[in-house]
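Thanks for coming, everyone. Please have a look at the sequence and the structure as I put them up, and then I will talk through a few parts of the model.

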Amino acid sequence: MHEVSVAAGILDIVRQHVLAADALRVRAVRVRVGDLAGVVPDSLGFCFDAIVAGTEYASARLEIDVVPANGICGECGLAAAIDSLPPFMCPSCGSPFITVTAGDDLVVVDVELDDGAGGLQ
Amino acid sequence: MSVMTIERKVLEKNDSLAAANRKRFAQNGLLTLNIVSSPGAGKTTLLEATIEHLKNRVRIAVVEGDVQTDLDAQRVASYGVPVVQIVTNGGCHLEAGLVAEAVDRLDLDAIDLLLIENVGNLVCPANFDLGEAMKVVVLSTTEGADKPLKYPAMFRRASVLIINKVDLLPYVNVDVDDIKRHARQINPDLAVFEIAATSRLGVAEWCDWLVARLTAGHA
């Protein structure tokens, strides 16, 4: 359950970027989570909601973009999706020397702010 | 709606604290191991066996991470080495900041080898760099041969695999060669040791390898 730590880390980063006066305008926080990042997206969403509850970010929802894992074979050079292989073996030559090229991400991408349009102001 | 771009790694705070730890360990000429496993694989017994074997040759200190209690720290302290206990109060892994605080309570100039025993968990500790020179994953024969395939992140990031409880092989339906094959399928560069920490079988080979790393400047 380190999704709690990850959710807290996400909120820390958002707080560093969003002006305190704008906190209530944050509608969504978008994160990129790789298949190999060791994070369960549903758990992360649940933990984020729990972490922001009662804060000025309570109305912000977490949007998660999942990035599939990809790798390159160190012996034959084939590039392939890792989850389509037996763990970390090249589907062409069987080599275990796979370099991961995508799917390790755990990144806060952006936040979506409500501009207050629509006559509320 | 307007969008504000951020693009920052979620674990960057832990990563930067880990980098600071790593620099500090290097400045003190310290070899630091982050020892990980599922609960009950034998991390603490491995520490006891390693300390017992090396304490006349190598100056060792231990950082113990546990969800609750200082039972492990008490066990290790009885071997006469400095021990700092971190109780995570439910936290499933150690983080670099906790280790930095723990290490503040040790005299790093008087240590050659720092052994950090992580919380028993094969999932979360894989994501949190502590600043160690290498991760050592302990897998006991009673856990089955499929664990490297089920927990690839941990095995991929480890440098050493210690297969513990090999004295129980006659009683469990596990082939050590299957464990090694699966582990090397995930990480072909793993150094592998087969031991029985309780009876000290194989401990000398593991300790000799560690001493070679210490004298080689941790290469």
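In chain B, strand E6 and strand E7 (residues 160–164) run parallel and are joined by five bridges, where helices (H or I, at least four residues) and strands (E, at least two) are DSSP runs numbered from the N terminus, and where two strands pair if DSSP finds at least two bridges between them. Within this pairing, Ser140(B) has Asn164(B) in E7(B) as its bridge partner.

This is a predicted model, in which local features need pLDDT of at least 70 and side-chain atom pairs count only at pLDDT 80 or more, while totals for chains, interfaces and linings use all residues. Residues are numbered from 1 along each chain as its sequence is written, and chains are lettered from A and ligands numbered from 1 in the order in which they are written.

E6(B) also runs parallel to strand E2 (residues 31–37) of chain B, with five bridges between them, and here Val36(B) is partnered with Val137(B). How many of the seven residues of E6(B) are buried? Six are, a residue being buried if 20 or more other C-beta atoms, placed from the backbone, lie within 10 Å of its own.

Turning to the two chains, 25 residues of chain B are in contact with 26 residues of chain A, contact meaning that the C-beta atoms, placed from the backbone, lie within 7 Å. On the chain B side, E1(B) gives the largest share, eight residues. E1(B) pairs in the antiparallel sense with strand E6 (residues 106–113) of chain A, over six bridges, and Asp110(A) stands opposite Thr5(B) there.

Key. Buried ≥ 20, exposed ≤ 12 C-beta atoms within 10 Å, placed from the backbone.
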